[in-house]
Amino acid sequence: MIRILGALAALALATSASARTDPAAPLPADQAAMKAHVMFLASDAMKGREAGSPEFDIAAQYVAAQFYAAGLRPAGDAGGYLQRVPLVTYRAADKGAMRWASARAAAQPFAFGVDYVPAADPARAETRVSAPVVFVGRGIVAPQFGVDDYAGVDVRGKIVAMFAGSPTTFPGEERSYFASAATKAQIAAARGAVGIVMLDSPRAGPRQRPFAALAGSYANPRTTWATPAGVGTSPAPSTPVLGTLSQAGATKLFAGSATPWSTIAAQAQAENARYTPVALAGTLTATTRTSFTAGASSNVVGIVPGADPRIGREVVILSAHLDHIGVSPARPGDAPDRDRINNGALDNAIGIASLIEEARRFTASGKPPRRTVMFLAVTGEEKGLIGSSYFVDHPTVPADTIVADVNLDMPVLLYRFEDMIAFGADRSSLGPIVARAVNAVGVGLSPDPMPEQGFFTRSDHFNFVRKGIPSVFLWPGIKGAGKAPFEDFLANRYHRPGDDLNQPILWDQGVRFVATNYAIAREIADGPARPLWNKGDYFGTTYRGPMAQ
């Protein structure tokens, strides 16, 4: 109670100071409503809304109150708006151990920080695996692109060694999907592997961390949602990532094999190298230990019930993440007044403001939607899409009734947008719906301008995709005048204290963004048929659900 009252008092002071010093003329009511939500959620008093913090809990109560005011029915736990999400923070408890027993030489221990760094296992406190090792390139199986890194080898009961990443020749959305650690682990698990070791790549890449940096941060905490046993969830609990080997460690691992490490290292210099699997000559024994700290947070869930007697129980979800990254740690040499609060105005207070205002549009329209429309503010997106992952595994409505997700995440509203980017729209029958809505606000659609960033797999809608649910994620595009401010935001304010209300946010563009997403959700809700994946679409086929053709 004391902590909550203290935060609210600070918020009152922050809001009062803002009101005294803001010289701007009054905004139209719809723009003012959006700004008011962001003023609260991105204030310094919210301390960056980190999932699991008291300030996030206050923000969740604020959203619940706004859902109530908008006329939404609660759809969380126990008749309320909140869905509790059990969290667990896990980290490597010690440096672990690795030992390589070659078929031709005496067993030798690997040295921490020189040969290997361990990985924490979210699924268990102690992990010990001893097995032969097979090198499997990047660990990708994608026959549609002519890639099978497991071709001709049996990895059942073995540890697989692999590089991170995926070929740049893959389309943007598949490229990011196959680069993800979760996808690689699931592919390995499906083939019976009992563990994974990652290999430090000889080819430096823009998103690759040096091995020395991995060694310095091996015990950094990570967060996921907790199982009833108090440990965390894992995409492949039977096939844990055991750690990362340096190039020195890889040299030892490949010693005596038919293909030496020097050959693999030379191949890896090519951007889109193709690899042949290699069975290595020995047994790797790895032990890791993991510590756990329990926590909790909440999703916020409200609905507008569907009015149609036949399809009213089907559910269209509008989602947005409420959390941000909190307060940055102090660094040596910081000025006493250095701003360390990551306010998250664009990421994603504006997404939540849009969610609330779209709820108001639905209830104020005087026309109930045919399908039920759910408004879902999730926690833990910044920690790995945790709240949406928990929701799709523990939905508060029957899972088979969810027909689509429209995700609202980080619209950069610093310019008048001349186009929009619709991640995932062209994979399902949502595509024409999205095009009509975008055209209605006077712009067109543009392709993903940065496929290498993998934005399609980096926001909450992708957890719905993994359940076979057609989903779309819209951004204002960067055509014309948008390119410079968008790139400046990513370079200088994304996940930094500068993402605050001092930015020149254009609230009229927020209203355009709301109008577009409302039109999409409204057409899905009122349409005669639930959305379907396009025939043969990779994600629709891989995650086959009730909406797959």
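Buried means under 20% relative accessible area, exposed means over 50%, and partly exposed lies in between. The model used in these exercises is predicted.

**Exercise 1. Classify A519: buried, exposed or partly exposed?**

Step 1. Locate the residue. A519 sits in helix α14, residues 507–526.
Step 2. Take its relative accessible area, which is 28%.
Step 3. Apply the cut-offs: under 20% is buried and over 50% is exposed. A519 is therefore partly exposed.
Step 4. Relate A519 to S319. They are 200 residues apart in sequence, and their C-alpha atoms are 15 Å apart in space.

**Exercise 2. How do helices α4 and α5 pack?**

Step 1. Find the helices. α4 covers residues 172–179 and α5 covers residues 181–190.
Step 2. Read the geometry. The angle is about 65°, and the axes are 5 Å apart.
Step 3. Name the arrangement. Angles of 65 to 115 degrees count as roughly perpendicular, so α4 is roughly perpendicular to α5.
Step 4. List the contacts. From α4 come Y177, F178 and A179; they meet A181, T183, K184 and I187 of α5.
Step 5. Sort the contact residues by type. Five are nonpolar, one is polar and one is charged.

**Exercise 3. Which residues of helix α7 are buried, and where do they lie around the axis?**

Step 1. Pick out the buried residues of α7 (residues 247–254). They are G249, A250, L253 and F254.
Step 2. Recall the helix repeat. An α-helix has 3.6 residues a turn, so residues three or four places apart point the same way.
Step 3. Inspect the start of α7. There, a side-chain oxygen of S246 comes within 3.3 Å of the backbone nitrogen of A248.
Step 4. Look past the end. G256 follows α7 and has a positive phi, near 85°.

**Exercise 4. What are the phi values of R49 and L385, and where do these residues lie?**

Step 1. Start from the background. Most residues other than glycine have a negative phi, and most peptide bonds are trans.
Step 2. Examine R49. Its phi is positive, near 50°. R49 belongs to the loop between α2 (29–41) and α3 (54–69). R49 is buried, at 0% relative accessible area.
Step 3. Examine L385. Its phi is also a positive value, near 60°. L385 belongs to the loop between β15 (372–378) and α10 (386–393). With 12% relative accessible area, L385 is buried.

**Exercise 5. What kind of peptide bond joins D347 and N348?**

Step 1. Read omega, which is about 5°.
Step 2. Name the bond: cis.

Key:
Residues numbered from 1 in each chain as written. Predicted model: local features only at pLDDT ≥ 70, side-chain atom pairs only at ≥ 80, totals over all residues. Heavy atoms only, no water. Axes fitted to C-alpha atoms, helices over the stretch in contact; angles between N-to-C directions. Helix = DSSP H or I, 4+ residues; strand = E, 2+ residues; numbered from the N terminus. Parallel < 35°, antiparallel > 145°, perpendicular 65-115°, else oblique. Contact = heavy atoms within 4.5 Å. Nonpolar A, V, L, I, M, F, W, Y, C, P; charged D, E, K, R; others polar. Buried < 20%, exposed > 50% of the residue type's maximum accessible area, 1.4 Å probe, protein only. Polar contact = N/O pair within 3.5 Å; in protein donor to acceptor, adjacent residues only side chain to side chain.
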